[in-house]
Each structure stands twice: as C-alpha cells, then as structure tokens.
Amino acid sequence: MKVESITLHRVGMPLVRPFETSFGRETERVVLLVHLVTDVGEGWGECVAGKTPGYSSEYVEGCAHVIEHHLAPLLFRAPHVRAADLERLFAPVVGHRMAKAALEAAVLDAELRASGISFAHYLGAVRTEVDCGVSVGISPSIDELLTEVQGYVDAGYRRIKLKIKPGWDFEPVRRVRDLLGPDAALQVDANTAYTREDIAHLSRLDDSGLLLIEQPFDEEDIASHVVLAQAIETPVCLDESIVSVGVAIDAIDRGATSIVNIKPGRVGGYLPAVAIHDACRARGIPVWCGGMLETGIGRAMNVALAALPGFTLPGDTSASDRYYAEDLTEPFVLDDGRLAVPTGPGSGVTVRTELVREWGLQPPVLLT
Ligand code: OSB
Ligand code: MG
C-alpha cells in the first residue's frame with residue numbers, strides 16, 4: 001500500500017488512580033496516537049512512550065519528533081509499504097523502537113483491515129481469550145495497598161504484580177501474600193530500582209513464593225541479573241533489558257532471565273515481539289505480555305499477541321476500567337479473569353475519534 005498521510009494526536013487520559021513505580025508517579029497518561037491514511041484504508045497505532053523518559057530513553061515528544069522528521073519521510077518515500085518490510089525500511093534510524101512500533105501498529109492495522117484479517121489471526125493466535133493479571137503501583141500505605149489488591153481479587157484478576165523499590169518490598173509483599181493465601185499467583189516488578197549490592201536483601205523475597213521478580217537492575221546490566229538468578233530461588237524476568245530478539249537470546253543463554261516480559265512497544269513492534277516469542281518458545285522460556293497503560297487501541301493488539309501459544313503466564317493486559325473511566329475504544333471488560341481476543345479485521349476495535357479530538361492536548365499534526 002501507499003501511505004498518503006499520517007496524523008499525530010496527543011491525548012490526555014486521566015488515570016482512575018495514580019500509578020506509582022520506582023521511577024515516578026503518573027496521574028494522567030499522555031498518549032501519542034498515529035492515524036494513518038493509505039490508498040487501501042486507514043489504521044491507528046498507539047505509542048507506548050511516557051511523557052518523561054523514566055521507563056526508557058524514549059518519551060512522547062521525542063517519539064513525535066523522530067516520527068515527523070525521520071520515520072514518516074521513509075514511509076512516504078516507499079512506493080509499496082508492507083508491515084513485514086518495516087524493520088528494513090526503518091533501519092536507517094537507530095533505536096527509537098517505541099516510535100517505530102507505533103507506526104508499525106498503524107501500518108498493520110490498515111493492511112489487515114484492508115484484507116479482512118484480524119491481528120490475532122495474522123500474528124498466530126491459538127486462543128480466543130487470555131488470562132489477565134494486574135500491575136499494582138506503589139501505595140501511600142500498606143492498608144491502601146491491601147484495599148486496592150482486594151478490589152482486583154474481587155474483580156477476578158488471575159495474577160497480582162506489585163511494584164517494589166528499596167523501602168517498599170518485603171513488608172508489602174508479605175502482607176499481600178498473607179491476604180491472597182499461599183496458592184495465588186503473585187510477582188514483583190522493581191523497574192531497575194536495585195543494584196548488585198542488594199542481592200542478599202532481594203533473596204529474602206524467596207520466602208514469599210513469588211512467580212518471578214521483574215527487572216531489579218539497570219537495563220544494560222545483564223551480568224548482575226545472571227548473578228542474582230544464581231543466588232535466589234525466585235525466577236528472574238527481564239523487561240526493560242529486552243529490546244530485541246538478539247538481546248533476548250543472549251540474556252536467556254547467559255542465564256539472566258528464565259521468563260520474558262514481551263512489550264511490543266519496547267522491541268519495535270508486533271512482528272519483533274512475535275520473533276522474541278518464537279525464540280523463547282524454541283528455548284522453553286515462558287513469556288507474558290507486558291503493558292504500558294495502553295488505551296483500547298494498544299490493548300486490542302496486545303490481547304491478540306497474548307493469545308499466541310508461548311504466552312503461558314497471565315499478562316499485564318488488564319480491563320479498561322483498571323486504567324480509564326472511559327476508553328478510546330469500546331471497553332475491554334474482564335470475564336472470569338480473562339479478556340476476549342478481538343476477532344474483527346485489524347485491531348478489531350473502533351477508535352472513538354470524537355474523544356481523540358475532545359481530549360486532544362494540542363491541535364493534531366498532519367504529515368503528508
Ligand atoms: O514495568 O511493566 C512495567 C507501566 C508503565 C511502564 C512500565 C511498566 C508498567 C506497568 C503497567 O507495570 C502495566 C499495565 O497495566 O499496563
Ligand atoms: Mg516491568
């Protein structure tokens with residue numbers, strides 16, 4: 001297909017409750033959306049970058065800039081655009097995977113809508129619904145944390161993930177374990193808040209029977225994760241570090257990660273995400289689908305990805321109402337702890353363009 005125009009929207013989405021991690025506290029998500037018009041139809045993509053470069057080096061305005069000045073021109077210049085060719089087309093731009101992923105999602109959406117194929121079918125899904133977990137932020141107090149977790153248990157979530165940082169680790173984790181009982185699926189995510197000197201300290205988490213500990217150390221510090229994995233019983237799972245299939249294979253081969261969190265935005269798109277899934281599956285490494293507080297646009301595609309066979313653990317693919325009072329698409333609603341995989345062409349959801357306009361933080365930017 002030929003890309004005719006790209007419109008960038010910045011949308012402000014108030015969260016139903018603040019989301020605090022070891023790298024910051026968010027009360028509103030600023031979402032960059034990509035709307036593509038092509039000769040065969042339209043497509044939408046959501047960029048997962050945050051307002052600030054706290055989770056990764058990418059952030060909304062950086063992504064908007066690199067799309068406008070470096071990636072969009074490559075798309076406009078290409079006589080025939082296919083999602084499968086984008087990694088090669090975008091190769092002149094180093095990194096900027098979240099920006100590339102947003103465009104890849106929009107190209108895939110347009111391409112699949114035009115051919116009447118769903119994301120799930122195209123990516124290789126084997127399930128019609130996916131098990132859902134929920135990621136619980138750092139709380140002002142343990143009592144408030146327990147109340148929030150109880151609400152998610154009542155809603156039916158099949159796995160709880162607690163954000164941790166130095167000073168907010170064993171005690172909240174132990175109290176939540178007591179609340180949930182010994183058999184419930186519980187895991188933690190440190191978002192790089194610890195260092196190798198904390199290994200003895202982190203080994204105390206072994207008493208809480210966790211499914212995994214996610215990304216305790218710096219993104220680039222694979223070596224310390226290897227040392228940790230040898231020192232503790234809790235499986236180590238990388239998030240921030242896994243930026244490509246090559247890094248994933250290296251981290252697995254070195255013993256740094258025995259479970260992998262796959263986020264399409266972090267790895268440059270859904271097709272690189274499938275490549276990581278395939279590499280993990282071939283090595284017997286379970287994967288799960290991470291989240292970046294997506295709206296219904298990104299969520300629809302993540303749920304499709306999470307329906308692939310190697311996604312054997314519940315993902316951070318929570319229902320719309322865990323994040324937003326109103327979503328940018330029809331809401332994703334939990335049913336018995338699961339979300340249904342969309343079946344319609346492309347992402348299978350309809351973007352509520354009136355809300356995109358109404359909640360726009362600045363006038364849309366039209367690129368041609
Ligand atoms: O580390 O998984 C993470 C949100 C923003 C940035 C990083 C992370 C997260 C989450 C939330 O944990 C997952 C979700 O519910 O979307
Ligand atoms: Mg994480």
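Which residue has a polar backbone atom 2.8 Å from an oxygen atom of ligand 1?

**View 1. Polar contacts of ligand 1 (pairs of N or O atoms within 3.5 Å).** The residue is L293: its polar backbone atom is 2.8 Å from a ligand oxygen. A backbone N or O atom of M292 lies 3.2 Å from an oxygen of ligand 1. The side chain of D189 places an N or O atom 2.9 Å from a ligand oxygen. The protein buries 98% of the 380 Å² that ligand 1 exposes when taken alone (Shrake-Rupley method, 1.4 Å probe).

**View 2. The shell around ligand 1 (residues with a heavy atom within 4 Å).** The shell holds 16 residues, and S135, D189, N191, L293 and Y323 come nearest.

**View 3. Ligand 1 between two domains.** Domain 1 (3–116 + 353–362) and domain 2 (121–340) both supply shell residues, so ligand 1 lies between them. These bounds come from an automatic or database domain assignment. The C-alpha centres of the two domains lie 23 Å apart. Contact (heavy atoms within 4.5 Å) links 35 residues of domain 1 with 42 residues of domain 2.

**Notes.** Residues are numbered from 1 along each chain as its sequence is written, with chains lettered from A and ligands numbered from 1 in the order written. In this predicted model, local features need pLDDT of at least 70, side-chain atom pairs count only at pLDDT 80 or more, and totals for chains, interfaces and linings use all residues; side-chain values use heavy atoms, leaving out hydrogens and water.

Definitions and conventions:
Polar contact = N/O pair within 3.5 Å; in protein donor to acceptor, adjacent residues only side chain to side chain.
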